[in-house]
Every structure is written in structure tokens, then in C-alpha cells.
Amino acid sequence: MRRRYRAVKQDQRAEFERDRDRILYSSAFRRLSGITQIVRAGEADVFHTRQQHTIKVAQVGRRLAQNCVREQPDLADRVGLNPEVVEASCLAHDLGHPPFGHVGEHLLDVLVRKHGDDNGFEGNAQSFRILTKLAVRFVECTGLDLTRAALAACLKYPWLRNAKEPSRSKKWGAYDSEKEDFEFARELFQHSAKTAEADLMDWADDIAYSVHDLEDFHRCGVLPWHRILEGDQSDQILRRALESWYGKPMDAEGRLRDAFRNLNSFLRGSFPQLINEPYDGSLHQRQQLRTMTSRLIGRYIGAARLTEPDAMGKCVAIAEDEADEVLILKQITRDYIISNPALAAQQKGQERILETLFECVHTDSQKEPPKYLPNRLRYLWDIDGRPKPARFVSDCIASLTEGEAVALHGRLHGIASGSVLDPIVR
């Protein structure tokens, strides 16, 4: 339970409880209420924000860990599984997401590398940077000074970026600037696998994404279940899900078809009215939707099991049937929501906002932080601003909500002047 910097004055909390509380009370966590999950934050109350998604991931993650501890206490003790650490990592897993979600993440990666920083931008690495360097908490040190276990649990991709290895250049867990913190987090692990807590955090994220986001779009009436569950549409969903399957094992197609049949049978057998009637928000439909969501989550929580560590150090296994069902549900979201032309048009505009905002702030950040940046962001210059202005700009943008990014862009480009009495960032 070692921390890197501070001796902690004891109170009623255990060390891992303190980690969880520090993340929950951070400015970065609060910011997530203004960040896209799939649909733009603030568009309608029916959609999850990134913060609402994170809260549900944390709840699912804690229940996953508690179930493993209850069902396999001896093995949980040997691998060191702690539900508090899982919940803490779930609360932290999306802290680094910039405005406009994955669209912003991809664009910032391109822009940071364009301006000379080969580490680029990655949401998971930015989360780790926030936890270890950017979060404001103590006078004595930067970041939140979490325990080694909590930091390791936040590393969904436990490696630095390596352009020579495709698997380590698409997703990575930390920038070179946080290499010492990364090595501290991973010092006790003589393998490249995620910790048990990180694995459960990852599975909790998949569960929440596949179930809760589909619940949102069911309410909006944009999921034609009768087409999804039968005929050509189902074949196309399976084909695209198979294409997205990393490694494409020989038995993948047969497994996916079995999982699709199981999912189809579950939905048609237990909730025929829900999937065949237009959603109108009636009491019965709301009850059925809640029941469906609860049963799916319970099904997927029960699919996680601890195992003896393999040669790579992996010690969490997810049952194949349930893992395949979640893959299919995620593919339905991609096909019917993320591929929506209206969403694509909205994302194009969001890219333009971020690109012009980045270039403007970067141009003005060669010698000192621009005078128009609010005080809340100025401390970021002293962290890496002078040697790496592109990193400073990405840190600034990734500290904004979407509303703040739009407001700052509007003022800098004369689109909306606002009021001098109305700060952009509080």
C-alpha cells in the first residue's frame, strides 16, 4: 500500500478508501459531467454523460470484485484483489478523455505529434498523467499520490507508447513524461499483463458501455430490434463484429453465432413486448427496461472468474458466451448509433472547433502561457509548458468541459464575444 511521496496522517479510512475518495473529489472527475459519452453532453437528459457512465462503471466494478472475493476467497487473497481498488480505478478510468470523447482524443493525438511530441495524446495515458502530475491536491507533491496498487489498477494498457510495436502504438497507458510514476506502479509486477483489478475495471467498462448506452438509445426509439435480431441485419452485425475481433480465432464465427442466438432467445423470451413495441415511457415499459438491464448486468458480473496466474501474469477470465454477447451489443451500438450520419456531421464540427482552438493556443504559447487563458489553467505551463508547448496545449484542452471548449473557441475566433464578467473556466 505504499505511496510514492507522502506519509499519510491516519484517519478512519483505510489506504485504498483514501485513494477512491481522492479521485471522486478531484476536479477532473467533476469535469466528466460535461464530456460526451456517445452523444454530446447536454444534448438531452436521456443520454449518459461520461461522468454518469463512470459512476455506473464503478458500481459494476465493485460488484464484480465483491463477487470474486465471495466466490473465490482464497484465490482473491493470493492475487491481492481488493474491491476498493477496483472501484477507484473505475472512477479514474476516463479522467483523461478530452472534450467530444474519442473524436477529440484522436484529433489531439494527431496535433500533438504534428507539433513535435512523438508521445501524442491518448485518453488512458492522460488519465495516468492527471493522477500522478496534473491533479491539484497537495503542496508537497503533484497529483493525488495514490498507492501503488491503485495506480497499477488504472493501467488498462500497462506499457509506454512504442511506435515499433503496433499493439503498443495504438493504445498505451502512460507518456514518457510519467515514466518514473509508471515504473513505480509496475515495480512489483514481473510480467506485462494487467493486474486483476485493472482487468475487472476493463470488463466493468465493457458491461456498462454495452448495456447502459443501449438502454439510452432504446428509449429514443432508434434501435429497430425486429431488424437487428433477424434476417440480413443480424448477419451484417455478426460479420462486422467478427472483423473487429482481435486475432480472429478459428472458432470465432461459430461462437458469435451461438452468442447471438442466446441473446436473441433471452430478449425474445423474456421481453417480447419491450422489443416489439415503440417505446413510449409507460410504467410497464420502464419496469421491463430496468429488469432487462439488471438481468444483463447480473449475467455479465457472474461471467468473471479469478484464475491462477498464467505465464503472462493474467489472472482474470471472462466466460466466452458472455464475452461474445457483450461484443455483439457493442457492435449494435457502433452500427446503429456511432455510424449515424447526424452524429458524424456533429463530430466533424467538433473536430474543427478543437483543431482551430489547439492551433490558436499553440501559436500563442511559444514563450509563455497566453494572457487569455484563465488562471485555473496557468499552472500547467510550469509542469511541461516551456519545453513542450504542444503538451501544454493538450493538457489545457483536456482540462475543459465541452461547453468551456466551445466558449473559449467562440471568443478567440470572434464567433461569440461573451461578457468580460463571465469567466470561461471557473
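The model is predicted.

Helix α5 (residues 83–92) and helix α10 (residues 196–219) have axes that come within 9 Å and cross at roughly 50°. The two helices, α5 and α10, are therefore oblique to each other. The crossing in which α5 passes α10 is right-handed. Which residues meet here? From α5 there are Val85, Val86, Ser89 and Cys90, and these meet Glu197, Leu200, Met201 and Ala204 of α10. By type, the residues of the contact of α5 with α10 comprise 6 nonpolar, 1 polar and 1 charged.

On the side of α17, the contact is made by Ile353, Thr356, Leu357, Cys360 and Val361, while α21 contributes Ala405, Val406, Leu408, His409 and Leu412. The residues of the contact of α17 with α21 divide into 8 nonpolar, 2 polar and no charged.

**An aromatic pair**

The structure has a count of 4 aromatic pairs. One of them is formed by Trp381 and Phe392. A pair of aromatic rings is described by the distance of the centres and the angle of the planes. For Trp381 and Phe392, the centres are 5.2 Å apart and the planes stand at 90°, an edge-to-face arrangement. The pair links distant parts of the chain, for Trp381 lies in helix α19 (residues 381–385) and Phe392 in helix α20 (residues 389–397), 11 residues apart. Are these two residues buried or exposed? Trp381 is buried, with a relative accessible area of 3%, and Phe392 is also buried, at 0% relative accessibility.

In helix α9 (residues 179–186), the buried residues are Asp181, Phe182, Phe184, Ala185 and Arg186. The elements that cover the buried residues of α9 include α7 (123–134) and α8 (148–153).

Trp159 is located in the loop between α8 and α9. Its relative accessible area is 17%; Trp159 is therefore buried, since the term applies under 20%. Leaving aside neighbours within four places in sequence, Trp159 is in contact with Ser167, Arg168, Lys171, Trp172, Gly173, Ala174 and Phe182.

**Arg257 in helix α13**

Arg257 has its place in helix α13 (residues 252–270). With a relative accessible area of 31%, Arg257 is partly exposed. Apart from its neighbours within four places in sequence, Arg257 is in contact with Asp235 and Leu238.

| Residue pair | Separation in sequence | C-alpha to C-alpha distance |
|---|---|---|
| Arg257 and Asp324 | 67 residues | 9.1 Å |
| Trp159 and Ser169 | 10 residues | 9.8 Å |

Technical notes. Residues are numbered from 1 along each chain as its sequence is written. This is a predicted model: local features need pLDDT of at least 70, side-chain atom pairs count only at pLDDT 80 or more; totals for chains, interfaces and linings use all residues. Side-chain values use heavy atoms; hydrogens and water are left out. Axes are lines fitted to C-alpha atoms, for helices over the stretch in contact, and angles run from 0 to 180 degrees between N-to-C directions. Helices (H or I, at least four residues) and strands (E, at least two) are DSSP runs, numbered from the N terminus. Angles under 35 degrees count as roughly parallel, over 145 as roughly antiparallel, 65 to 115 as roughly perpendicular and the rest as oblique. A crossing is left-handed if the near helix is turned anticlockwise from the far one by less than a right angle, and right-handed if clockwise. Contact means heavy atoms within 4.5 Å. Ala, Val, Leu, Ile, Met, Phe, Trp, Tyr, Cys and Pro count as nonpolar, Asp, Glu, Lys and Arg as charged, and the others, Gly among them, as polar. Buried means under 20% relative accessible area, exposed over 50%, partly exposed in between (1.4 Å probe, protein chains only). Rings of Phe, Tyr and Trp (its six-membered ring) pair if their centres lie within 6.5 Å; planes under 30 degrees apart count as stacked, over 60 as edge-to-face and the rest as tilted.
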